[in-house]
Amino acid sequence: MDILRISRHPELLPQAAAWFHGKWGIPLSAYEESMEEALKAAAPVPEWYLAREGERIVGGCGVIENDFHDRPDLRPNVCAVFVEPEHRCLGIAGQLLAFVCRDFHDRGIDTLYLMTDHDHFYERYGWTYHCPALGEGESVPSRLYRHVWQET
């Protein structure tokens, strides 16, 4: 399995945008625009990552400024974390998250945030619960996690 950064593999943008769109239902154009912005490399955010087995995308995630929640001061945010069901429980999400955290550390950003409804999943990868956050259009808060880089 390879983990790739979209900004280093622009040829994967159409496949990646379609894959994320299929998983989350966000308009395809939103993913395309965000990935196009990543290709400009003017700033570390946004960025998109893929876990691939051969030519097939088996997982992915992105990093955006704000994952549509009411805490814009807590940024940047890991978003759209997804691993194909048949590839779950193989450590792919952990590898993706570790790759992203290392990549952002190398770019001078040591703190990342992530909004989720999962309990106890992200803790195993070094994330800590930070606070509740209300997602756009939601009436029940989700969990906002924080990861601070530490050399291992």
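Start by selecting Asp106, which at 54% relative accessibility counts as exposed, where exposed means over 50% relative accessible area, buried under 20% and partly exposed in between (1.4 Å probe, protein chains only). This is a predicted model, in which local features need pLDDT of at least 70 and side-chain atom pairs count only at pLDDT 80 or more, while totals for chains, interfaces and linings use all residues. Residues are numbered from 1 along each chain as its sequence is written, and side-chain values use heavy atoms, with hydrogens and water left out.

Arg102 is partly exposed, with a relative accessible area of 34%.

In one, the side chains of Arg52 and Glu55 meet at 3.7 Å, N to O; Arg52 counts as buried at 11% relative accessibility, whereas Glu55, at 62%, counts as exposed. In the other, Asp73 and Arg71 have their closest N and O atoms 2.7 Å apart, with Asp73 partly exposed at 45% and Arg71 partly exposed at 27%.

Now turn to the nonpolar residues. The largest nonpolar core has 23 residues, of which Val63, Val78, Val100, Leu112 and Trp127 touch the most other members; such a core is a set of buried Ala, Val, Leu, Ile, Met, Phe, Trp, Tyr and Cys residues joined through side-chain atoms within 4.5 Å. Colour β2 (47-53), β3 (56-64), β4 (77-83), α3 (92-106) and β5 (111-116), each of which supplies at least two residues of this core, with α3 giving the most, 7 residues.

Centre the view on Val63 and, leaving aside its neighbours within four places in sequence, display its contacts (heavy atoms within 4.5 Å), among them Val45, Tyr49, Pro76, Cys79, Phe104 and Leu112. As a last stop, select Leu4, Ala16, Trp19 and Tyr31, which are included in a second, separate core of 17 residues.

Terms used: Helix = DSSP H or I, 4+ residues; strand = E, 2+ residues; numbered from the N terminus. Salt bridge = Lys/Arg side-chain N within 4 Å of Asp/Glu carboxyl O.
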